Amino acid sequence: MAGTVEGDHVDVVGMWVTADGHIRQELLPDGRYDEARGGRRGAYTGRYTVTGSHLDYVDDTGFTATGDIRDGVLYHEHLVLYREQKSS
């Protein structure tokens, strides 16, 4: 499923996962995110904002990062994440 457009912004809420499943980034509706690495839940947490199809992240430690949605894929710094499909 590609991100849907809500007003001027792409809908990014949900779980985004690398192809190997090692990194799982959950973008929450309240503008927070929780990233798991392997079996380590909450490896990174913080907040994000969306402008169009661009994301700006601020980790709870103050580290910043960016991401962009292109063709339904989240390119987050050096990571490529795919929206996790919900099972029916």
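Where is the place of Leu28? I found Leu28 in the loop between β4 (23-27) and β5.

**Entry 1: conventions**

I worked from a predicted model, in which local features need pLDDT of at least 70 and side-chain atom pairs count only at pLDDT 80 or more, while totals for chains, interfaces and linings use all residues. Residues are numbered from 1 along each chain as its sequence is written, and side-chain values use heavy atoms, with hydrogens and water left out.

**Entry 2: the chain as a whole**

I noted zero helices and 10 strands in the protein chain. Helices (H or I, at least four residues) and strands (E, at least two) are DSSP runs numbered from the N terminus. Along the sequence the pattern reads β-β-β-β-β-β-β-β-β-β. Of the 88 residues in the protein chain, 34% are buried; buried means under 20% relative accessible area, exposed means over 50%, and partly exposed is in between (1.4 Å probe, protein chains only). I also looked up contacts, meaning heavy atoms within 4.5 Å. Among those between residues at least 6 apart in sequence, 35% join residues at least 24 apart.

I returned to Leu28, which is partly exposed because its relative accessible area is 25%. Apart from its neighbours within four places in sequence, Leu28 is in contact with Val13 and Tyr48. The C-alpha atoms of Leu28 and Gly14 are separated by 6.4 Å, and these residues stand 14 apart along the chain.

Thr18 lies in the loop between β3 (14-17) and β4. Is Thr18 buried or exposed? Thr18 has 11% relative accessibility and therefore counts as buried. With neighbours within four places in sequence left aside, Thr18 is in contact with Ile23, Leu79, Val80 and Leu81.

**Entry 3: the aromatic pair**

I searched for aromatic pairs, in which rings of Phe, Tyr and Trp (its six-membered ring) have centres within 6.5 Å; planes under 30 degrees apart count as stacked, over 60 as edge-to-face and the rest as tilted. The count came to one aromatic pair. Tyr33 and Tyr57 form this edge-to-face pair, at 5.2 Å centre to centre and 85 degrees between the planes. The pair links distant parts of the chain, with Tyr33 in strand β5 and Tyr57 in strand β7, 24 residues apart. Tyr33 counts as buried because its relative accessibility is 6%. Tyr57, at 2% relative accessibility, therefore counts as buried.

**Entry 4: a charge over a ring**

I found Arg70 over the face of Tyr75, at 4.0 Å from the ring centre. A charge sits over a ring if NZ of Lys or CZ of Arg is within 6 Å of the ring centre and within 35 degrees of the ring normal.

**Entry 5: positive phi**

Most residues other than glycine have a negative phi. Asp71 is not a glycine, yet its phi is positive, about 50 degrees. Asp71 is in the loop between β8 (64-70) and β9 (73-76), and counts as exposed because its relative accessibility is 81%. Glu77, also a residue other than glycine, has a positive phi near 50 degrees. I placed Glu77 in the loop between β9 and β10 (79-83).

**Entry 6: lining of the largest pocket**

I recorded 18 residues lining the largest pocket, of which Arg37, Tyr44, Asp59, Phe63 and His76 lie nearest its centre. A pocket is an open set of points on a 1 Å grid over the protein atoms alone, where a 1.4 Å probe fits, with protein on both sides within 12 Å along at least five of seven lines; lining residues have an atom within 4 Å of a point.
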